[in-house]
Amino acid sequence: MNVLKITLIIFLLLPFSFIKADEQDKQNKITKNLRCLICQGQSVYDSDSEFANSLKTLVDKKLEEGLSEDQIYEYFKDKYGEWILYDPKLNKNTYILWLLPLFIFLIGGAIIAKSLIIKK
Amino acid sequence: MKKKLLSFFMVLVFGVIFIIFYKGLEDSNIYTPNINIKNEIPVFKSRDFYSGISLNSSDIFEFDKTYLLNIWSSWCVPCRQEHPLLVDLKEEGKINIIGMNYKDNRKNAENFLQDLGNPYKEVFIDLDGTIAIEWGAYGVPESFLIHNNKIIKKYIGPLNQQLIYEMKLLVK
Amino acid sequence: MIYSLVGHYSLILGLIIGLIIFYFSFKNFNNLNLLDTKILSFTFLQLFFVFISFLCLIFSFIISDFSNETVFNNSHTTKPLFYKISGTWGNHEGSLLLWLLVLTLFIFVFLIRTKNQPIKYKILTLVFQQIIIIGFFIFLIKTSNPFNYLFPIPEEGLGLNPILQDPALAIHPPILYLGYVGSSIIFSSVLAATSLKMISTSWASHIKKWVLISWIFLTLGILLGSIWAYYELGWGGFWFWDPVENVSLMPWLALTTLLHCILVLEKKSILTSWVIILSIATFTLSMCGTFLVRSGILNSVHTFANDPERGLFILVFLFVLIFLSIFIFFFFHKDDRKKSFSLFWLSKETSILINNWFMMYFLSVVLIGTVYPIFLDVISSEKISVGPPFYHKLIIPFLIPFLFMMAIGPKLKWIKSQLEDKIYLISLLFISFLLAFLILKNFNQNILLNTILISSALYLFFITLRDFFIKKYKNISQNIAHFGFSLLILSILFNNLFSSEIITNLKVGETFQNSKTKIVFDSVNQKKEQNYNSIIANFYIYNSNGEEDKFSPELRIYNQPVIVTSEADIKTTLTSDKFIVINLVQNQDFFNVRYQVKPFMLWIWISVILISFGGLISFFKKKL
């Protein structure tokens, strides 16, 4: 049993020096968060349309200018509205969106807690 | 009793959900942006199409004048359809038409204007599409009615007779 | 043409038979000895007619009969035969016919395979199923007829979107529907059983096989959809939290929870309300999903033809079923409150309850995320998008206690339990944590969250693995399924954390190089196929381990409809996938090249297969 565990641990440790092919993490993160407005439900990162490509170039430019991630989201929100952002900001429109699931979780927990005996 | 209350409550909740879905069906699901916001035109830099000289947005757009900015490309099929209307509009002389050549090849664009006519007072270029995004455009063709350096109206897609007619009314 | 006629009239006959079944069931409900063979024959006949109708549609596609509007809209003479056939169900009308086929098939098999249950129950299940079937017949014939006649007959069809011409996508709908639509039988039977006050341990044993069948196919169906998305759509993503994907995930969550509750109900008479509500919810969510994606109310990658008239029909149909279920639940179900309902905190019952609690939470996150934009739009005309960040933020933190409970829960005994092997359990916890930390030590983002997340997944992984060797095949199905789940989470996490990507523009002959990778764009050649022309780009990629790979991604220009698609070249090994795509850039002479290294992709698929395999073992297990 222990032998098995040790071999497992070795197995797991091995492949993690991965051949990382990295570039542009930041740009990817931002473009994954922007909706391609002329596509049916794709992010700018996923899409290859003219609009998406222009947007990617513009995100690059803004990053070079030194804008932060949030500033870039603000910039696009000003131009195209909230619809372009995939991460809904917490504002008066979205309180219910973010809080309702958590509320349901708490209610569920309360119902279960009521029917439990704690002492042995 | 408690059960009756609960069942009544469930029926109510689902009834409300039904109404909301019903109304949701009636509305269009295609997002049409709010095209009536009076936005300032963006500040940008570009190059003149023919001469290649650098331009600032302030060089092209003056305060107190009315312009129609038209985004076009030689590879864009609906642009061909709306182009004659622009040529006619130019003839009437009331509105200054400015062209933004979008992600285009110089030769193809020149041929396009040669074949179909040049309605533009000035043409500048947007090679990578970023200037179009500065304007909040979605693609080609798209047009903006501008007055006092503010966007009065945005036209997504090709112009047609009806839109041009409305445009003229607005200008008056 | 003859096929359209036969197909169309078969549907009408099927509808009439449905009404006949209805009539006879009600007329003779209290005198059922007469009914048995007659009803069975009619049910078979109904299935037969739907099957004939389905065959007719397939034949119409095969012979490219463009007098049929559906064939015209979705096919083309140059399409390969395999895709002509699968094009049958790759469109709105055909897929609804597939719905009917599964609905009628399942009720027929249910009737002949169910022994040892009262006849009244079988008939009532049939009645409820017929409500659904008749509803779909009317829907099909009135708004979505697959046999509409076109005149004059066009020479050629409009063709099928080339990204749908893929083997995984061809079998994805039938498999998915066996799960998705198959949950209808659970819905009908639970309503029947509730009305007859039959919900009990023996009923649970009987319905368990149906729940398992539906669950296995639904799991595999979702897997196929993800595999297709990975190979065909986007850049190596397999799950986008797109509404259509969510719409298949929601019934899966309800069905998985139901499966756990049924396994409990099979042994003890508790959680009856849960079982009833979840059975209703699973199929309701399926119907709701159908509504959301076919009515045009949501914006998604997978749109079928959008038509508000169809949307309205499904909406009304869906809510009729909901109100019917509410009525039956509240009117007939008497929850036995006399039994003491207090559970000891450390017991198997409690752990199942906690499982339900978490699953319902996950379900609510997906449901709310998917439909909230509709509500907001109707109420305040604001449009927002809810995408991956929302789901990740709300689900990932909760996975940690969930995985932990999955490891501990199965070890608890009924009613009251003590944890045995405490030393082992705690030491494994430490080992998992340490291992996670070692793996992540070079990472600089979110290291705490990721470490805890990976350690909880590793914990489940080690515990289920250990149980597999120690328990000697006691409850092996649960073991395998939970192990598969831990593997799934681990694979997804590692894939996410350790993936890397290069995006660059290259002309033929050019090279890209960074510290770890060298990409050489060697050459381009062209190829002509039956329904497309392709440009094949040849690359040699060298990595820092000294390996060299040749890749040949393609750009395909299809002839009908005229669409350009980009076909990735993917090299899959046990440790990682290497993924490359090219794209044309408007007006330029270079290609946009995207190269990704994605660890553990294969394990994501394997783990889901393992999970279904666990279910399969449970299905075939004989009761001792």
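Colleague: In which helix does Phe105(A) lie?

Modeller: In this predicted model, the residue belongs to a helix of chain A that spans residues 95-114. Confidence in chain A is highest in this helix, at 92. Phe105(A) therefore has 19 other C-beta atoms within 10 Å and counts as partly exposed. The helix that holds Phe105(A) is α5(A).

Colleague: How far apart are the C-alpha atoms of Phe105(A) and Lys89(A)?

Modeller: Along the chain, Phe105(A) and Lys89(A) are 16 residues apart.

Colleague: Which helix of chain A has the lowest confidence?

Modeller: Chain A comprises five helices and one strand, in the sequence pattern α-α-α-α-α-β. Its mean pLDDT is 81, with 77% of residues at 70 or more. Where pLDDT is low, predicted coordinates should not be read in detail. The lowest confidence in chain A, a mean of 61, falls in residues 2-13, helix α1.

Colleague: What percentage of the residues in chain A is buried?

Modeller: Among contacts in chain A between residues at least 6 apart in sequence, 40% join residues at least 24 apart. Chain A has 120 residues, and the buried share of them is 28%.

Colleague: How far apart are the C-alpha centres of the two domains of chain B, domain 1 and domain 2?

Modeller: The domain assignment places domain 1 of chain B at residues 1-30 and domain 2 at 39-171. Between the C-alpha centres of these domains the separation is 48 Å.

Colleague: Which strands stand at the edges of the open sheet in chain B?

Modeller: Six strands of chain B form this open sheet, with mixed pairing, in the order β1-β8-β7-β4-β5-β6. Two of them have a single partner strand each, so one side of each is left without a neighbour in the sheet. These edge strands are β1 (39-40) and β6 (122-126) of chain B.

Colleague: Which residue stands opposite His147(B) in β8(B)?

Modeller: Strands β7 (residues 142-147) and β8 (residues 150-156) of chain B are antiparallel partners, joined over six bridges. In β8(B), the residue opposite His147(B) is Lys150(B).

Colleague: Which helix provides the largest share of the side of chain C that touches chain B?

Modeller: The contact brings together 21 residues of chain C and 18 residues of chain B. On the chain C side, the elements giving two or more residues are α12 (308-332) and α13 (348-380). That side divides into 13 nonpolar, six polar and two charged residues. Its largest share, nine residues, comes from α12(C).

Colleague: Which residue takes a positive phi in the hairpin of β10(C) and β11(C)?

Modeller: Strand β10 (residues 576-584) of chain C is mostly covered, with seven of its nine residues buried. Four bridges join β10(C) to β9(C) in the antiparallel sense, and these two strands form a hairpin with three residues between them. On pairing with β11 (residues 591-599) of chain C, β10(C) is again antiparallel, over nine bridges. In that hairpin, with six residues between the strands, the positive phi near 75° belongs to Asn587(C).

Technical notes:
Residues are numbered from 1 along each chain as its sequence is written. Chains are lettered from A and ligands numbered from 1 in the order in which they are written. This is a predicted model: local features need pLDDT of at least 70, side-chain atom pairs count only at pLDDT 80 or more; totals for chains, interfaces and linings use all residues. Two strands pair if DSSP finds at least two bridges between them. Two residues are in contact if their C-beta atoms, placed from the backbone, lie within 7 Å. Ala, Val, Leu, Ile, Met, Phe, Trp, Tyr, Cys and Pro count as nonpolar, Asp, Glu, Lys and Arg as charged, and the others, Gly among them, as polar. A residue is buried if 20 or more other C-beta atoms lie within 10 Å of its own, exposed if 12 or fewer, and partly exposed in between; C-beta atoms are placed from the backbone. Domain bounds come from an automatic or database domain assignment. pLDDT is the predictor's confidence in each residue, from 0 to 100.
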